[in-house]
Amino acid sequence: ADKFEAFQARIDADGRIEPQDWMPEAYRKTLIRQISQHAHSEVVGMLPEGNWVTRAPSLKRKAILLAKIQDEGGHGLYLYSAAETLGVTRAELIEQLLTGRAKYSSIFNYPTLNWADVGVIGWLVDGAAIMNQIPLCRCSYGPYARAMIRICKEESFHQRQGYELLLTMMRGTQAQRDMVQDAVNRWWWKCLAMFGPPDSASVHSEQSMRWGIKRISNDELRQKFVDATVPQAEVLGVTLPDPKLKWNPERGHYDFGEIDWDEFWQTVNGNGPCNKERLGTRIKAHRDGAWVREAALAHAAKRRARAHKAAA
Amino acid sequence: ADKFEAFQARIDADGRIEPQDWMPEAYRKTLIRQISQHAHSEVVGMLPEGNWVTRAPSLKRKAILLAKIQDEGGHGLYLYSAAETLGVTRAELIEQLLTGRAKYSSIFNYPTLNWADVGVIGWLVDGAAIMNQIPLCRCSYGPYARAMIRICKEESFHQRQGYELLLTMMRGTQAQRDMVQDAVNRWWWKCLAMFGPPDSASVHSEQSMRWGIKRISNDELRQKFVDATVPQAEVLGVTLPDPKLKWNPERGHYDFGEIDWDEFWQTVNGNGPCNKERLGTRIKAHRDGAWVREAALAHAAKRRARAHKAAA
Amino acid sequence: MDAVATETVLVDYLLHLGDNALVLAQRNSQWCGVGPVLEEDLALTNQTLDLVGQARLLYQEVARLQGGDVTEDTLAYFRDAPDFRNYVLLELPASLPRVGYAQGDMDWGVTLARNFLYSALMVPLWDALQASRHEPLAAIAAKSLKEARYHLRHASDWVVRLGDGTDESHARMQAAFDHLMPYTQEFWTPSDFETAAVAAGIGVDVAGLRPVWRATVEATLQEATLRVSSDQGYVPQGKHGLHSEHLGYLLAEMQCVARAHPGAVW
Amino acid sequence: MDAVATETVLVDYLLHLGDNALVLAQRNSQWCGVGPVLEEDLALTNQTLDLVGQARLLYQEVARLQGGDVTEDTLAYFRDAPDFRNYVLLELPASLPRVGYAQGDMDWGVTLARNFLYSALMVPLWDALQASRHEPLAAIAAKSLKEARYHLRHASDWVVRLGDGTDESHARMQAAFDHLMPYTQEFWTPSDFETAAVAAGIGVDVAGLRPVWRATVEATLQEATLRVSSDQGYVPQGKHGLHSEHLGYLLAEMQCVARAHPGAVW
């Protein structure tokens, strides 16, 4: 009980829990679940954007897109490392992903259908992710908080690049503008749902708040995102597909319509348009790569054996 | 010796040898080699044209190309059947193809690099094939001769279609005309080589002539092909890539330049641009299809067993 | 409905049918020359030819209705993915679920399972469309019905053979149906143009064909010793122009030569 | 050589180098997100980025020389297959020999063997090109050399690891080299523009680099316990514009968006 109190006191004082520190098992489990889910999201998130690498319409954009996807893979690496400090291996976590026991962000279960989707993912999806992640930079678990600081910095850069891609397209031909609008229409509501169910229906939040893992509620973050995004959409010249979207001077916020939570939960539970394709691709990549990983291990073992023999 | 004489007499009298008739072992072997090589050529020949099915630039041409490739597969089937009358199985013949012991027409080891190649294959490759094959309609071995009659009829149709495709392109844009000329430049010499080495260097011919398997010499057929093709090229408006090509009023034939036999033999012996791709594709298709063939056999066996049980 | 509205409905309806035929033809034509056995290579190519033929007739009718510069080829080669109204089922690669840019081997089981699920619909659909008030469509339906019957018989035979073949083939076919079955939900959720076409006596109420389709599927899968896979989950909306990531790649390849030479005659 | 002829030679030479980089980048980028292990996914994407960067610098220099409306993107997106001057080696799919339309799984062994064979050439080639009389090219070479050194080290490590790994990986690597090695013949048969570029002090006599390349290959393959495959057979002529059937598909995909919107700015 003393340990518990000391742990909670450290958190309440805005201190950081480090890997070697004592922590409650539930805290550890919650963090493993959250960090690994976040890591998986980065890795699965490479696929919808990877879909446009070979077709990027200019070399500059191809390079930017490649660099962005590389950053995401890098985020996956930091996050797997952060999770490993809690006493799991990356192999276990990947096994959980491939067998469907671990989740990843549901947003990646929607298809990328035209080139503007790449920009919209940067602007809106990464924008929403940043909104969610900035509070995590102050997360009570040190390794996670430090990973998030680095990740948020890079994500902000991606968001600006995505927005700039869209600005360029909006200054282009009518067909280009139509592509941007089409992409915004398809992604807007999915991005609002990224903040999770309304506070009234959210289960994990309270405990996470107390533990300093979560610091701002879903609905607050969602509102912040809407308030930040609407003016950007105006500058861009796209229409956000919500007739109820309107500035409310009394609240000092934008009002907006109802999210289709049924569709959200369908997708979370495996019935989105691309769930099977995303997971099937990860499984295939893992299986196709098995001989490579086995060979690398076998070679390393041979090397060690030879070094041992030479030393003897 | 009597059997030999009767056999040769039948051939000399322009009669047909049928499967149940006695025949010298060498005759049988020669025919198996030639017919199966011809069958393999039809099957491998589906690949260079198959390369343009998904990219055919009009639906009408897509349909014509599909029908043509289907005909070639059909020719493969007749020919495998004709070979089977000589006491081999199709499985054995395919095994020979996939292990590199059997050959197929070397012309299919060149790539099809633009849409006009489809037309040029019809006009020149099929044209040369027909020139080679028409005498085989009078081949001494009945099943082969009958297969060839049907095949030649269909090939003539393909040739006209190929020529018509090219005529349409030559009446089109400059880019289309350039494509046709490029294709003709790449295929012309390969087609001349299709008639085989010069008579002076041809090994199998004499025996084959006596057996009524071959009736006209390589050089004669090649000359016939050149004489028939030059006027067609003029109508089309393409230049055949041979500065020595010229009407010789004394011979009553067109003179033409030297074929690069070294290049020909390189390709025959496995070193053409696409030998490995063609064979690799056949091997892969065969391997990928193994489970399908095994299942079909297993199902047939189950059916028989059930019918047997029901009858008992 | 006024004449203009009827024509719009009719065009959408014909494009939907034509795009189905063309997109499936394009997928199946990838087997041309590389099938598991020569006879099947030819049988599938034969069906591909039927499908290209159906697409052409349907597009020609659209071109006739729209006039101007529209031809069967402008419809096939110069529309983009969101303009296509085919079922998503038909644009999927012949493989278990994977994203479009992750290259992979083709799977004959997926191809035949798809042909089966689609032609089991098209037989009763073409049959009913013979009574379409739009006579050119009724005529196309009569011709296509004969072809679809053959396609269904061919695919059913293979489903039974592979389902009730070896352990491997059984497992592959079950996986193929588990993968594809949810996509058939798109058949039964009418689009506006379908509803309007039914109201105008041009089209057929596809949802009404569900029992006969289901009976065919159940009977064949039972004979094939296969479980009838769940058809729950995401309902695709290809006929509304909302496709999978796969169609873009399919069209890029199909249209590349035609688009490199706009206005050329072939 | 007069100024015009020199410029033509220079343009061809730069395009050859740029097309090599771009086409290999395009092939390797197909692994982005689907590599055998995350670190390698990133390492390969990093190299792809380097290659795209090299292509851009080279194309920008061509655009500067040619002037007018030519840009790095018109060069990448609006030339057809016969205009590309890359080695055929670099346009092959990452698989054992098959025709372009026969879809198939990618093979990491083929990818790494190719990266090795190519970067073992590019290290001495960029090194020598630092002395090019055309200063912008010398500058690009200096930058690219550093990258190529890393690419070579990465690929060599993997060749050794996979060659001297398991029985399966050994067999796969041997098959990969047996497949690819004959394509390296194209390195040593100079094209007219290469010969002219050497004469003008712009380019490097690649045939002269063969011994050092061969030494690298032999040393690495020996360490990898692999046989040095035969490099006999057909000599590809990609740098003369005569390609395999694969390049057409690669370009159709790469160029589809850009060509659907001619003149658009991205």
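So, chains C and D: chain D can be laid on chain C with an RMSD of 0.0 Å, using a turn of 180 degrees and a shift of 0.0 Å along the axis. In chain D, Gly104(D) has the C-alpha nearest the axis, 2.2 Å from it.

Quick note on the source: this is a predicted model, where local features need pLDDT of at least 70 and side-chain atom pairs count only at pLDDT 80 or more, while totals for chains, interfaces and linings use all residues. Residues are numbered from 1 along each chain as its sequence is written, chains are lettered from A and ligands numbered from 1 in the order in which they are written, and side-chain values use heavy atoms, with hydrogens and water left out.

Okay, on to chains A and D. Their contact (heavy atoms within 4.5 Å) takes 49 residues from chain A and 49 residues from chain D. Between them they bury about 4000 Å², 67% of it on carbon and sulfur atoms; buried area here is the accessible area, with a 1.4 Å probe, that two parts lose on being put together, summed over both. On the chain A side, Thr54(A), Leu59(A) and Trp291(A) lose the most area to chain D, together 20% of what that side buries.

Last stop, chain B. Helix α2 (residues 25-44) and helix α4 (residues 59-84) of chain B pack at about 160 degrees, with their axes 8 Å apart. Angles over 145 degrees count as roughly antiparallel, so that is what α2(B) and α4(B) are to each other.

Terms used:
Axes fitted to C-alpha atoms, helices over the stretch in contact; angles between N-to-C directions. Helix = DSSP H or I, 4+ residues; strand = E, 2+ residues; numbered from the N terminus. Parallel < 35°, antiparallel > 145°, perpendicular 65-115°, else oblique. Least-squares fit on C-alpha atoms with pLDDT ≥ 70 in both.
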